[in-house]
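Here is a short report for a reader new to this structure. Look at the model first, then read on.

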Amino acid sequence: MRRVERRSTVTRLCVRFGGVLLTLLLGTALAQVEVPPLRAPVTDLTQTLTAEQITALDLRLREFERRRGSQIAILLVPTTQPETIEQYAIRVAETWQLGRRGVDDGVLLLVATEDRAVRIEVGYGLEGALPDVMANRIIQQVIVPRFREGDYFGGLSAALDRIIALLEGEPLPASERRDRSVGDELGALLPLLFVIVFVGGALLRTFFGSFGSATVTGAMSGALVWLFTRALPIAIAAAIIMFVIGLFGGRGGGGSWVSRGGWGGFGGWGGYSAGRGGWSGGGGWSGGGGGFGGGGASGRW
Amino acid sequence: MYALRLFALLMCTALFGGCGYNTLQQQDEQVKSAWAEVLNQYQRRADLVPNLVNTVKGAVTAEKEILESVIEARSRATSIQATPELIENPQAFKQWQAAQGELSSALSRLMVVVERYPDLKSMSGFQDLRAQLEGTENRIAVARKRYIDAVQNYNVTVRSFPTNLTAKLFGFEEKQNFTVENEAEISRPPAVDFSEAPAVQSPPPDAAG
């Protein structure tokens, strides 16, 4: 009797182990839905909207961002399974970083067509202007009735009307697209740049002379600044400044170097040509570093 | 000469950074702010409960028990002082987590019951409250996840070499993390015993660890 019992315990354990193994395997098989790269305000992975409809929404969102600085993005995916729409939405929001850094004024409008689920994810900075209650009302009163009739564009467009109307009332900092974050990063870079110029420059000068070393440091600084800020004018300016500092900051160059000083600028141009490739590849629209905390509302239709 | 001095300064910074002191400070601060956000969101939920109960009370008079259990769970959850120091104290942390878990389950039971009352469901005041509650629960989930990640980062630093020496020197201790409710059951190694001897003589569980 006791033996039988023990055996049944063992089988039960085996079953439980098998179950654990199975869930582990399933977990890896049912990988999470990937977050698509952010290239434009409207991302439709379901081919629900026509090209004209996407353009219409796209233009409105870009115009709103230019005017107010806040970023609203629309994403349509077939499904968010195995995650809930809330879990997927916060992952997208964390990856895309809609809204400006520090202002956190981003909104994500996420639609999972096969799940028949929709969510408005609201950035920290807009939780006052677009509280959960309002997001819920927009979903229940504006989006859900239209989506039920299959009018996705109408639902999204009307929801945007309501969201934009709400955000218009919110006093936010004036729109100055990403200038501030570039400044921040440049500030963090400055010490590094000076180290490069002075330490690296001192070493290089012994090998290449002051002109050669200034060219190298100028080019390196330009490339580095571009790498961090992705802003060409600033990278070129940094390259030129660093070239000049490298040239005159050390022992000081003779007058004859001045006419050839332009070449140092061209050291920076290396950064420029590399920059162009990255710029066109990077696309025209990206998040500004805004934060999300899970605010907003979800609904089903 | 100037260059040399700068270089020396740079090396000093690099050496100091290498022992992980700065990393520890940073991650400790991250854990604290993540924890503050967790407390913030739980407080937000606790503040919502009286409103919710008042709105629901009139419509669901038949469900007195559930309403009372929500009120009771709320008062228990808020009676535990939620301080930043809670994450240093395993006992208090567990208590606090259990109290909040009780409130969670009481609230979800209430929301299930409410489904039976169409009049209430169509009331706009109730819909708003439900949206707020759902939003808050979602914020709690996000805040918890961020806290878990922050503590994980921090604990790895505290335990791995050579930063564990720095951590010990400056008194950085491991912090409490959230656990799933039945973690004790999952993490316990299955006691498979094939021997014929009676199970009473099995070695103490500590010996395995």
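## Terms and model

Helices are DSSP runs of H or I with at least four residues, strands are DSSP runs of E with at least two, and both are numbered from the N terminus. This is a predicted model.

## Chain B at a glance

Chain B has 8 helices and 0 strands. Read from the N terminus, its elements run α-α-α-α-α-α-α-α.

The chain holds 209 residues, and 33% of them count as buried. Now take the contacts in chain B between residues at least 6 apart in sequence. Of these, 76% join residues at least 24 apart.

## Helices H2 and H6 of chain B

Two packed helices are described by the angle between their axes and the distance between the axes. Helix H2 of chain B covers residues 21–57. It packs against H6(B) at an angle of about 160°. The two axes are 8 Å apart. Angles over 145 degrees count as roughly antiparallel, so H2(B) and H6(B) are roughly antiparallel to each other.

The crossing of H2(B) and H6(B) is left-handed. Sorted by class, their contact has 19 nonpolar, 10 polar and 8 charged residues.

## Helices H3 and H4 of chain B

A second pair is helix H3 (residues 64–79) and helix H4 (residues 90–114), both of chain B. Their axes come within 8 Å and cross at roughly 155°. That angle makes H3(B) roughly antiparallel to H4(B). H3(B) passes H4(B) in a left-handed crossing.

Which residues of H3(B) and H4(B) make the contact? From H3(B) come Ile66(B), Leu67(B), Ser69(B), Val70(B), Ala73(B), Arg74(B), Arg76(B) and Ala77(B). From H4(B) come Ala99(B), Gln100(B), Glu102(B), Leu103(B), Ala106(B), Leu107(B), Arg109(B), Leu110(B) and Val113(B). By class, the contact of H3(B) with H4(B) has 11 nonpolar, 2 polar and 4 charged residues.

Most residues other than glycine have a negative phi, and most peptide bonds are trans. Exceptions to both patterns follow.

In chain B, the peptide bond from Phe161(B) to Pro162(B) is cis, with omega near 0°. Where is Pro162(B) found? Pro162(B) sits in the loop between helix H6 (124–159) and helix H7 (163–169) of chain B. In chain A, the peptide bond from Gln81(A) to Pro82(A) is cis, with omega near 5°. Pro82(A) is in the loop between strand S2 (71–77) and helix H3 (85–96) of chain A.

## Positive phi in chain A

Gln47(A) is not a glycine, yet its phi is positive, about 55°. This residue lies in the loop between strand S1 (42–44) and helix H2 (51–68) of chain A. Is Gln47(A) buried or exposed? Exposed means over 50% relative accessible area. Gln47(A) has 70% relative accessibility, so it counts as exposed.

Gln97(A) also has a positive phi, near 55°, in a residue other than glycine. Gln97(A) lies in the loop between H3 and strand S3 (106–112) of chain A.

Conventions:
Residues are numbered from 1 along each chain as its sequence is written. Chains are lettered from A and ligands numbered from 1 in the order in which they are written. This is a predicted model: local features need pLDDT of at least 70, side-chain atom pairs count only at pLDDT 80 or more; totals for chains, interfaces and linings use all residues. Side-chain values use heavy atoms; hydrogens and water are left out. Axes are lines fitted to C-alpha atoms, for helices over the stretch in contact, and angles run from 0 to 180 degrees between N-to-C directions. Angles under 35 degrees count as roughly parallel, over 145 as roughly antiparallel, 65 to 115 as roughly perpendicular and the rest as oblique. A crossing is left-handed if the near helix is turned anticlockwise from the far one by less than a right angle, and right-handed if clockwise. Contact means heavy atoms within 4.5 Å. Ala, Val, Leu, Ile, Met, Phe, Trp, Tyr, Cys and Pro count as nonpolar, Asp, Glu, Lys and Arg as charged, and the others, Gly among them, as polar. Buried means under 20% relative accessible area, exposed over 50%, partly exposed in between (1.4 Å probe, protein chains only).
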